Amino acid sequence: MAAGVKADRDAIHKELWDARNRHNLVKVHQGNFAQHLGLSGPHLCRIFKEFERDGRIKKKASRYRNVGVYEVRDPATYTGLSAP
């Protein structure tokens, strides 16, 4: 089984941050966003679940056809969970 593309989570987080509105909310169509990043839909879904678990994003609402509204945390203030 071939290894997939290594996703740069910090770059994805920054891209979400750059697309936010004045309330720090971003509407994401995961299929289109995955294609834009060159990832598969299921891989991006796993990354979003990881982001939610880590506190990078928080899902606020769901829309039609797998579109979600997320509150995005500022990447400059995000330190990660694995801080010693």
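**Close-up 1. Partly exposed N24 in the loop that leads from helix α1 to strand β1 of the predicted model.** In this predicted model, N24 is partly exposed, with a relative accessible area of 27%. The residue belongs to the loop between α1 (9-18) and β1 (25-29). The backbone of N24 has a phi near 65 degrees, which is a positive value in a residue other than glycine.

**Close-up 2. The three-stranded sheet.** Three strands make up an open sheet whose order is β1-β3-β2, and their pairing is antiparallel. Because β1 and β2 stand at the edges and have a single partner strand each, one side of each is left without a neighbour in the sheet. On average, and with direction ignored, neighbouring strands of this sheet are turned by 30 degrees against each other. The antiparallel pairing of β1 with β3 extends over five bridges, and the bridge partner of L25 in β3 is E71.

**Close-up 3. Helices α1 and α2 on the sheet.** Helix α1 lies across β1, β2 and β3, and runs at about 95 degrees to β3. Helix α2, which comprises residues 30-37, also packs on the sheet, where α2 touches β1 and β3. The direction of helix α2 makes about 85 degrees with that of β1.

**Close-up 4. The salt bridge between K60 and E71.** The side chains of K60 and E71 meet in a salt bridge, with an N to O distance of 3.3 Å. This pair links distant parts of the chain, since K60 is in strand β2 (residues 57-63) and E71 is in strand β3 (residues 67-72), 11 residues apart. K60 counts as partly exposed at 45% relative accessibility, and E71 is likewise partly exposed, with a relative accessible area of 31%.

**Close-up 5. The salt bridge between R9 and E50, which joins two helices.** The side chains of R9 and E50 form a salt bridge in which N and O are 2.8 Å apart. Here too the pair links distant parts of the chain, with R9 in helix α1 and E50 in helix α3, 41 residues apart. The helix that holds E50, α3, covers residues 41-54. The side chains of E50 and R9 are also listed as making a polar contact, at 2.8 Å. With a relative accessible area of 18%, E50 falls under 20% and is therefore buried, whereas R9, with a relative accessible area of 23%, is partly exposed.

**Close-up 6. The salt bridge between K14 and D18 within helix α1.** D18 forms a salt bridge with K14, and the closest N and O atoms of the two residues are 2.9 Å apart. Both residues lie in helix α1, where D18 and K14 are four residues apart, a spacing of about one turn of the helix. D18 counts as partly exposed at 49% relative accessibility, a value that is not over 50% and so does not qualify as exposed. K14 is partly exposed as well, with a relative accessible area of 45%. The salt bridges of the model come to a count of four, among them the K14 and D18 pair shown here.

Terms used: Residues are numbered from 1 along each chain as its sequence is written. This is a predicted model: local features need pLDDT of at least 70, side-chain atom pairs count only at pLDDT 80 or more; totals for chains, interfaces and linings use all residues. Side-chain values use heavy atoms; hydrogens and water are left out. Buried means under 20% relative accessible area, exposed over 50%, partly exposed in between (1.4 Å probe, protein chains only). A polar contact is a pair of N or O atoms within 3.5 Å; within protein, one must be able to donate a hydrogen and the other to accept it, and residues adjacent in sequence count only if both atoms are side-chain atoms. Two strands pair if DSSP finds at least two bridges between them. Axes are lines fitted to C-alpha atoms, for helices over the stretch in contact, and angles run from 0 to 180 degrees between N-to-C directions. Contact means heavy atoms within 4.5 Å.
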